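User: I'd like to go through this model piece by piece. Can you put it up?
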Amino acid sequence: MVLITTDDGSHSIYSERYGVTYHSKYGAVTESAHVFIDAGLRYKAAVQRDIAVVEIGLGTGLNAFMTRLEAERRNLHVRYTGIEAYPLTVKEASAFNFAAQLKAPERHADFLRLHRIAWEREHELSEHFTFTKHQTRLEDFIPETTFDVIYFDAFAPQAQPELWTEDIFARLYQALNPDGVLVTYCAKGDVKRTLKKVGFEVERLQGPPGKREMTRGVRGE
Ligand SMILES: C[S@@+](CC[C@H](N)C(=O)[O-])C[C@H]1O[C@@H](n2cnc3c(N)ncnc32)[C@H](O)[C@@H]1O
């Protein structure tokens with residue numbers, strides 16, 4: 001694992017397996033806040049307090065941790081599911097400065113707990129946040145429940161074309177509740193066309209720093 005510091009001061013890592021970084025080099029925390037928390041979680045929180053989120057590519061745990069903090073701040077109840085094929089170790093995760101960067105250094109132990117706790121079972125971590133992580137490839141994941149928000153945070157299509165297919169998006173569409181959304185940092189034309197093809201209404205939103213656009217797919221009623 002190669003630890004890097006992104007432009008907003010928050011850490012990320014470089015994947016030697018895929019030859020890409022886990023987050024935008026312009027700011028890991030900034031990107032997560034913009035793409036997943038603002039365009040995904042907050043968008044749904046405007047209309048409901050109970051929100052089921054699934055993240056494709058749990059990775060460093062940054063999105064899960066920020067979601068927990070946001071759920072506590074906004075008095076939500078989030079049921080969070082993280083999918084990860086190649087988990088990091090607790091030792092690797094202990095190097096990340098996310099809690100400090102989020103001005104909550106006292107929550108570093110809560111962040112690490114996401115990495116420490118057992119896979120394949122539900123953990124009620126607070127009255128606002130229930131967490132389950134599955135060690136599996138997305139291709140093999142069979143959801144046992146439906147979701148309101150999908151954080152689609154796979155590596156980019158150039159690095160991992162097998163995860164941006166019509167088959168995968170059709171399965172994710174089926175896993176969404178009515179009015180559910182899929183958010184991703186990716187704004188490639190091909191990806192938007194595939195999302196439309198499987199039934200999503202596709203919105204182009206302003207991207208985080210360093211990216212002109214991002215994408216939100218909405219499942220209609
Ligand atoms: C862009 S990184 C995710 C970053 C993560 N959301 C975070 O905040 O750190 C993509 C993640 O997808 C995982 N991954 C790669 N192939 C996968 C697959 N086939 N199924 C599930 N996860 C996969 C990688 O190990 C990596 O953790």
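User: Which residue stands opposite T5 in β2?
Analyst: H11 in β2 stands opposite T5. Before going further, this is a predicted model: local features need pLDDT of at least 70, side-chain atom pairs count only at pLDDT 80 or more, and totals for chains, interfaces and linings use all residues. Residues are numbered from 1 along each chain as its sequence is written.

User: How many bridges join β1 to β2?
Analyst: Four bridges join them, and the two strands run antiparallel. Strands here are DSSP runs of E with at least two residues, helices are runs of H or I with at least four residues, and both are numbered from the N terminus. Two strands count as paired if DSSP finds at least two bridges between them.

User: What sheet is that part of, and in which order do the strands come?
Analyst: An open sheet of three strands, in the order β1-β2-β3, with antiparallel pairing. The edge strands, each pairing on one side only, are β1 (2–5) and β3 (20–21). Strand β2, residues 11–15, pairs with β3 over two bridges. In that pair, S15 stands opposite V20 in β3.

User: And the turns, which residues there have a positive phi?
Analyst: The hairpin of β1 and β2 has five residues between the strands, and G9 in the turn has a positive phi of about 95°. The hairpin of β2 and β3 has four residues between its strands, with G19 at a positive phi near 70°.

User: Where else is phi positive, say at a residue that is not a glycine?
Analyst: K103 has a positive phi of about 60°, and E120 has one of about 65°. K103 is in the loop between α4 (98–101) and α5 (108–116). E120 lies in the loop between α5 and β6 (123–126).

User: Is K103 buried or exposed?
Analyst: K103 is exposed, because 8 other C-beta atoms lie within 10 Å. The rule, with C-beta atoms placed from the backbone, is 20 or more other C-beta atoms within 10 Å of a residue's own for buried, 12 or fewer for exposed, and partly exposed in between. E120 is exposed too, with 9 other C-beta atoms within 10 Å.

User: Switching to the ligand. How many residues surround it, and which are closest?
Analyst: 17 residues surround it, and the closest are G57, G59, T60, A85 and D153.

User: How many residues of α2 are buried?
Analyst: Nine of its twelve, which leaves α2 mostly covered. Among them are L62, F65, R68 and E70. After α2 comes N75, whose phi is positive, near 60°.

User: What span should α2 have?
Analyst: The twelve residues of α2 should span 16 Å, and the end C-alpha atoms are 17 Å apart, which agrees. The expected span is 1.5 Å times one less than the number of residues.

User: Now the core. Which residues have the most contacts inside the largest one?
Analyst: V53, F147, V149, I150, Y151 and V183, in a nonpolar core of 49 residues. Helix α1 (residues 28–45) gives the largest share of this core, eight residues. Such a core is a set of buried Ala, Val, Leu, Ile, Met, Phe, Trp, Tyr and Cys residues joined through C-beta atoms within 7 Å.

User: What does F147 touch?
Analyst: Not counting residues up to four places away in sequence, F147 touches A52, V53, V54, A175, L176, N177 and G180. Contact means C-beta atoms, placed from the backbone, within 7 Å.

User: Where is H34 found, and what does it touch?
Analyst: H34 is in helix α1. Leaving out residues up to four places away in sequence, H34 touches A39 and P208. H34 and P208 are 174 residues apart in sequence but 5.9 Å apart in space, C-alpha to C-alpha. H34 is buried, because 21 other C-beta atoms lie within 10 Å.

Methods:
A residue is near a molecule or strand if its C-beta atom, placed from the backbone, lies within 6 Å of it. Two residues are in contact if their C-beta atoms, placed from the backbone, lie within 7 Å.
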